[in-house]
Each structure stands twice: as structure tokens, then as C-alpha cells.
Amino acid sequence: MKNKKIWLSSPHMGENEFKYVTQAFDLNWIAPVGPHLNDFEKNLSKISDNKYVAALGSGTSAIHLALILLDVERDDEVICSSFTFSASANPIIYQGAKPVFIDSEMDTWNMCPESLELAIIDRIENRIKPKAIIVVHLYGMPAKMNEIIEVASRYNIPIIEDAAEGLGSTYYNKPLGSLTEFGIYSFNGNKIITTSGGGALISSNEDSIKKAKFLATQARDHAPHYEHSQIGYNYRLSNVSAAIGLGQLEVLQDRVERRREIFEHYQKELSDINEISFVEEPDGFYSNRWLTTVLISANSKVSREDLRLNLELNNIESRPLWKPMHLQPIFSSCKYFGSNNAEYLFKYGLCLPSGSNMTENDIARIITNIKRSFEK
Ligand SMILES: *Cc1c(COP(=O)(O)O)cnc(C)c1O
């Protein structure tokens, strides 16, 4: 018989999600408004440095609204991390604007502040000052925000933090997503907590969040009939999904601790294999370790792909790191600044199963399989 499937990261419900969903049904708040949605925003605000919060249908819609609020329009340019999921960059295209991609640095694998500055200087020399910067905190690891914020403020360019993977992580004790003009979270099924599908936009600017909610509910002007002076979107989170989110927020800290424990477990157990390395947290950086990621050394006899296929044979899901955006066919004509760090990470990196609902047996099985793959 085949071993049970171990997933990369699957939903992990706590004790109270179902109770809140049942409440939503009992009250018949099956709509993109309702008491659970309000409470979810309130509780999310509490753990996000008391920012204003708009709960939305996805992290992608949160990035889209942030770009609209920053007046990103046709033919504008927006800077974005290259090493990320396509959802970080797609909303730039929704606005008819152009992404300019930036390489990673090798300490955190996130946006390189030096390449960022070179890009800004180049674009300003070409008379196209970038309208915004989308910085991604990949796999929950904070980007070098002090350096990035310093560069961005020198040129007066607003930052959107894509913390879709970074809920529960902190940077010098501040929650990711709360450090700049806008932050976004995702509650998709594979993220550290989930509402089955959902996201949020956060900001310290109350008017921006009010405007985001207005745009997210079809931009209805104040009138008894339906009156519209702007284009709107159907981007609000449903009250039922928010009810799931209420329960999930209660266990967020547990989930972070468990994922960090899983990372440490892998790191300890695999320390004898010289071909495998891990990314460390710099001082002041606290990662939720959403996914444990490893690099397989370039001269290893067992390649990243060998290892992935070995695990797959044993019904264990692992996945190459994100393929950089500047190497994606759809973005191949976009500008790119940096060298080949992101490319290197894609070539040699692997995400290991990291779900907080894995058992000790699951983890032992994965580790045994990895060790076996590297035995001569
Ligand atoms: C998941 C994710 C998104 C998009 O979030 P959705 O809720 O799936 O729309 C954006 N950026 C990154 C880095 C992500 O991992």
C-alpha cells in the first residue's frame, strides 16, 4: 500500500472556526457584510500594529486596490520583486502599467536594495519615475526593510508590502505589512492561516482604507438607487469566510510556532548532509517559516530535481522555489535590474512540506526519504 500523501502546506483548522461559521448561518449573514467581517477586521488590526484594515476576497485584489489608491495608471511603471509568485505582479498589468523587476539579495532572498536603487536611477534618467514599489516578504522571511525604505524615501516612492506569505512574521518586532504605506495579506488555502480564499489590505491611512472598501463593493455613490461616478470592483470578503478567519486568527501564533519548530527539526536532522543549506534569520528578523526552503549545492550529485522526484515517488509533495518573474514568458519583455541570484535560487532551491498539521511521523518519513536520497 502507498504511504499517505504529505502535502506542502494544507489548511489547518482550529477549534472555533466551525462555531463562528455556524453563527454566521444562524444569523443569516451570508453576505459580503456582517458582524464576523467587522470582527475579523478588528482582530486583524490588533495584530497588525493597529492599522486600518479592509478584508477582501484575495491577496491579489488587495494589491490591485493598493495600486489604484496610489494612482497607478496606464503606461506608469511599478517596481516589483522578481523572485515571487505571479500574483505580486499581475495587478500591475491589470492597471495597464509596466512592471520593472528587481533581483534578490542572498541573505533573505528578497528584493536587493542596491539593485532597487540602480533601477530607480535608471528609470528617472529615462524620465519615467516609478509610481510604486511592491516588496515581497517571501516564504515569511522579512525583506531588508530599513535599507529599502531608505532608498524609497530618498526618491519619494511609496511602498506596498506583499506580506501574503508573511502574516505572523516581524521585523525588529513590527509586524510585516505594517512598515510602509500599504501592506497586504492572503488567506488562500495554502497560506499560514486561511479563510478558504481571502486577503486584506492594511494601512495607517484611514481614508485609503475607506476608499478601498468603497471600490471593493462596486463603488456605489451615496444614493437610494445605484449611482456610480467611478469604476468599482467586487472584491469584498464574505462574512462566512471571515467567520473562518476569526477562528484562524485565534490559532495564528500556534501555527507560527509549529512552522518554526518544523524548520528547526529539518535543519537539525539534515545538518549532516553538506549538500543541503538553509536560509538563516538575520538579527531582528523573525520569520513565520511559512515554508521551509533548502538550497542543494551546485556540485551535488543529487540534484534538486532528483530529490523532488524521489520524494514524489514516496507520495511526498515538495516544490521548486518560485520561478522569477523576469524569466516568465508573459513578463519576458519587462525591464530587470540585478544579476542572477533569483535565477540561482530557482535552479537549486526546494520547498519542503511545512504544514502545521503534519504529524511527527510525517516529518520523520520526509527526513528519512531525504537522507536516503543522499546516501551514496
Ligand atoms: C498567495 C500570494 C499572493 C496572492 O494571494 P491570493 O490570496 O492567492 O490572491 C500574492 N503574493 C504572494 C507572494 C503570494 O504568495
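N156 sits in the loop between α6 and β5, where helices (H or I, at least four residues) and strands (E, at least two) are DSSP runs numbered from the N terminus. The model is a predicted one, so local features need pLDDT of at least 70 and side-chain atom pairs count only at pLDDT 80 or more, while totals for chains, interfaces and linings use all residues. Residues are numbered from 1 along each chain as its sequence is written, and side-chain values use heavy atoms, with hydrogens and water left out.

N156 has a positive phi of about 60° although it is not a glycine. Its relative accessibility is 63%, so N156 counts as exposed; the cut-offs are over 50% for exposed, under 20% for buried and partly exposed in between, with a 1.4 Å probe and protein chains only. N173 is another non-glycine residue with a positive phi, in this case near 70°. N173 belongs to the loop between β6 (170-171) and β7 (174-175), and at 72% relative accessibility it counts as exposed.

Now for the sheet. Eight strands form an open sheet in the order β1-β9-β8-β5-β4-β2-β3-β14, with mixed pairing. At the edges stand β1 (52-56) and β14 (335-337), each with a single partner strand, so one side of each has no neighbour in the sheet. From one strand to the next, the twist averages 20°. In general, strands of a sheet pair through backbone hydrogen bonds, either parallel or antiparallel; here, two strands are taken to pair if DSSP finds at least two bridges between them.

On the parallel side of the tally, β2 (residues 77-81) and β3 (residues 98-102) pair over five bridges, with I102 in β3 as the bridge partner of S81. Antiparallel pairing turns up around β9. Five bridges join β1 to β9 in the antiparallel sense, and V53 has I202 of β9 as its bridge partner.

Helix α5 (residues 113-125) lies across β2, β3, β4 (132-136) and β14, and runs at about 135° to β14. Helix α6 (residues 145-154) lies across β4 and β5 (159-162), at about 155° to β5. For these angles, axes are lines fitted to C-alpha atoms, for helices over the stretch in contact, and the values run from 0 to 180 degrees between N-to-C directions.

S186 gives a closer look at β8. This serine lies in β8 (residues 182-186), and because its relative accessibility is 7%, S186 counts as buried. Leaving aside neighbours within four places in sequence, S186 is in contact (heavy atoms within 4.5 Å) with G59, A164, K191, I193, G198 and G199. The S186 side chain makes a polar contact with the side chain of K191 at 3.4 Å. A polar contact is a pair of N or O atoms within 3.5 Å; within protein, one must be able to donate a hydrogen and the other to accept it, and residues adjacent in sequence count only if both atoms are side-chain atoms. The side chain of S186 also reaches the backbone nitrogen of N188 at 3.2 Å. S186 and V53 are 133 residues apart in sequence and 13 Å apart in space, C-alpha to C-alpha.

What about charge at R255? R255 is in helix α8 (residues 239-269). R255 is buried yet has no salt bridge, and the nearest side chain of opposite charge, D254, is 4.9 Å away. A salt bridge is a side-chain nitrogen of Lys or Arg within 4 Å of a carboxyl oxygen of Asp or Glu; Lys and Arg count as positive and Asp and Glu as negative, with His and the chain ends not counted. The R255 side chain does reach the backbone oxygen of H12, at 3.2 Å. Not counting residues up to four places away in sequence, R255 touches H12, M13, G14, I192, I193 and S356.

Finally, β15 (residues 349-352) has G349 and C351 pointing one way and L350 and L352 the other, and all are buried. β12 (residues 292-296) pairs with β15 in the antiparallel sense over four bridges, with T292 opposite L352.
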